[in-house]
Amino acid sequence: MDYSIKKLYDLDLFELGEMAKEIREKKFGRKMYFNINRHINPTNICKDVCKFCAFSAHRKNPNPYTLSVEECVEIAKSAYKKGAKEVHIVSAHNPNVGYDYYMSIVKEIRKELPDIHIKAFTAAEVNFFSEISSKSYEEVLDDMIDAGVDSMPGGGAEIFDESIRNKICKGKVSSENWLKIHKLWHKRGRKSNATMLFGHIENRDHRIDHMLRLKRLQDETNGFNAFIPLVYQRKNNFLNVKNFLTSVEILKTVAISRILLENIPHIKAYWPVFTLNLAIVAGEYGADDIDGTIEKESIQSSAGANSSNGLDLEELIFRIKDAGFIPVERDSLYNEIKVYK
Ligand code: V47
């Protein structure tokens with residue numbers, strides 16, 4: 001790793017902030033992007049045992065559920081009626097329901113709602129679908145496109161460093177395959193996001209290594225829309241983390257991501273893991289997007305985030321404006337829908 005890159009974290013927060021802000025403002029001025037979306041998590045029964053996860057049904061969270069395809073469609077229809085333009089579908093890896101269950105959710109939503117954007121299935125799910133169907137990644141991705149998926153969310157990336165990955169989510173999609181799946185998706189002309197779970201047992205070098213692996217793939221494919229640094233939420237899970245991140249470390253990470261990932265258009269300060277306050281402050285440190293209204297959030301709220309009921313649209317717009325940013329409603333591919341002057 002380049003010595004000067006390794007040293008970025010040693011810079012003062014304000015110095016990093018100035019560097020990141022310059023890049024952010026050159027790209028987007030004072031705009032802060034958000035969307036009106038609905039999360040759907042079809043099932044929480046999971047064959048994987050990621051130590052950081054409080055969402056999957058296990059002894060700390062013993063409430064297994066699996067929604068029917070019809071229930072997922074009803075959720076999407078009701079959200080669409082209320083103005084949602086995107087459904088964001090992320091699921092646990094349930095070995096008791098088949099490949100067709102997952103594809104049918106997308107197919108049936110698409111049939112009922114031809115113009116909603118379907119952002120569905122992380123690379124971890126694609127890897128799981130490939131395992132249960134014996135199909136190649138290529139075949140699974142083609143099936144997702146045929147079913148009606150528009151873009152892929154960025155989950156499942158966690159931390160690419162293999163030694164840390166082995167400790168926190170052994171058995172899940174490998175780093176190499178996570179990147180391979182996104183590359184194949186981008187080759188199909190489709191966009192995706194990329195996350196990084198931080199603030200657990202990784203160190204600063206692991207974060208930088210993670211960002212650089214993404215930067216290299218983006219140089220090749222240009223298929224990532226947004227980088228999303230996810231702050232680890234500590235409740236109800238099996239990672240025994242003693243030291244938690246300071247806000248300074250979180251903001252430094254946002255700023256460094258903006259500096260290193262100049263080739264990825266957007267940096268998302270996902271409000272459920274930042275809190276809305278810090279997500280808005282992150283706007284001064286390189287972030288230009290805070291995700292959306294969500295309506296119902298289960299993955300991070302199971303681990304302690306205050307996001308189970310999403311966010312009221314008026315409140316979101318007011319808070320962005322109040323902090324001196326221009327709220328911009330975007331679609332899932334960052335086309336501007338409405339600028340709130
Ligand atoms: O990969 C699980 C994370 C991710 C915890 O693409 C946790 O726009 C914090 O895919 N603390 C799934 N995070 C969520 C996801 C996502 C989220 C927001 C935006 C987008 C997007 C995608 O949730 C997993 C994992 O890293 N997660 N447990 C936890 N305790």
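**Entry 1: Phe-198.** I started with Phe-198, which is buried at a relative accessible area of 0%. For the record, buried means under 20% relative accessible area and exposed over 50%, with partly exposed in between (1.4 Å probe, protein chains only). This is a predicted model, so I note that local features need pLDDT of at least 70, side-chain atom pairs count only at pLDDT 80 or more, and totals for chains, interfaces and linings use all residues. Residues are numbered from 1 along each chain as its sequence is written, and side-chain values use heavy atoms, with hydrogens and water left out.

Phe-198 sits in strand β5, residues 192–198. Helices (H or I, at least four residues) and strands (E, at least two) are DSSP runs, numbered from the N terminus. What does Phe-198 touch, not counting residues up to four places away in sequence? I get Arg-207, Pro-229, Leu-230, Val-231, Tyr-232, Leu-245, Ile-250 and Thr-253. Contact here means heavy atoms within 4.5 Å. I also checked Ser-332: 134 residues from Phe-198 in sequence, and 24 Å in space, C-alpha to C-alpha.

**Entry 2: Thr-253.** With neighbours within four places in sequence set aside, Thr-253 contacts Tyr-9, Met-196, Phe-198, Arg-207 and Met-211.

**Entry 3: helix α3.** Next I looked at α3, residues 69–81. Its 13 residues reach 19 Å from first C-alpha to last, close to the 18 Å expected at 1.5 Å a residue. The expected span is 1.5 Å times one less than the number of residues. Which residues of α3 are buried? I list Val-69, Cys-72, Val-73, Ile-75, Ala-76 and Ala-79. They cover an arc of only 160° around the axis, so they lie on the same side of α3. The arc is taken from the directions from the helix axis to the C-beta atoms. The face turned away from that buried side carries the exposed Glu-70 and Lys-81. Among what covers the buried residues of α3 are β2 (37–40), β3 (86–89) and α4. Just after α3, Gly-83 takes a positive phi of about 110°.

**Entry 4: His-88.** I moved on to strand β3, where His-88 lies. His-88 counts as buried at 12% relative accessibility. Leaving aside neighbours within four places in sequence, I find His-88 in contact with Arg-38, His-39, Ile-40, Lys-119 and Pro-153.

**Entry 5: α4 against α6.** How do the axes of α4 (residues 99–112) and α6 (residues 137–147) cross? They come within 8 Å and cross at roughly 30°. Axes are lines fitted to C-alpha atoms, for helices over the stretch in contact, and angles run from 0 to 180 degrees between N-to-C directions. α4 and α6 are therefore roughly parallel to each other; angles under 35 degrees count as roughly parallel. Tyr-99, Met-103, Val-106, Lys-107 and Arg-110 of α4 meet Glu-139, Val-140, Asp-143, Met-144 and Ala-147 of α6. I sorted that contact by class and got six nonpolar, no polar and four charged residues. Ala, Val, Leu, Ile, Met, Phe, Trp, Tyr, Cys and Pro count as nonpolar, Asp, Glu, Lys and Arg as charged, and the others, Gly among them, as polar.

**Entry 6: Ser-151.** Last, I looked at Ser-151, in the loop between α6 and α7 (162–169). Ser-151 counts as buried, at 4% relative accessibility. Beyond residues up to four places away in sequence, Ser-151 touches His-117, Ile-118, Lys-119, Ala-120, Trp-185 and Lys-191.

Methods:
Angles under 35 degrees count as roughly parallel, over 145 as roughly antiparallel, 65 to 115 as roughly perpendicular and the rest as oblique.
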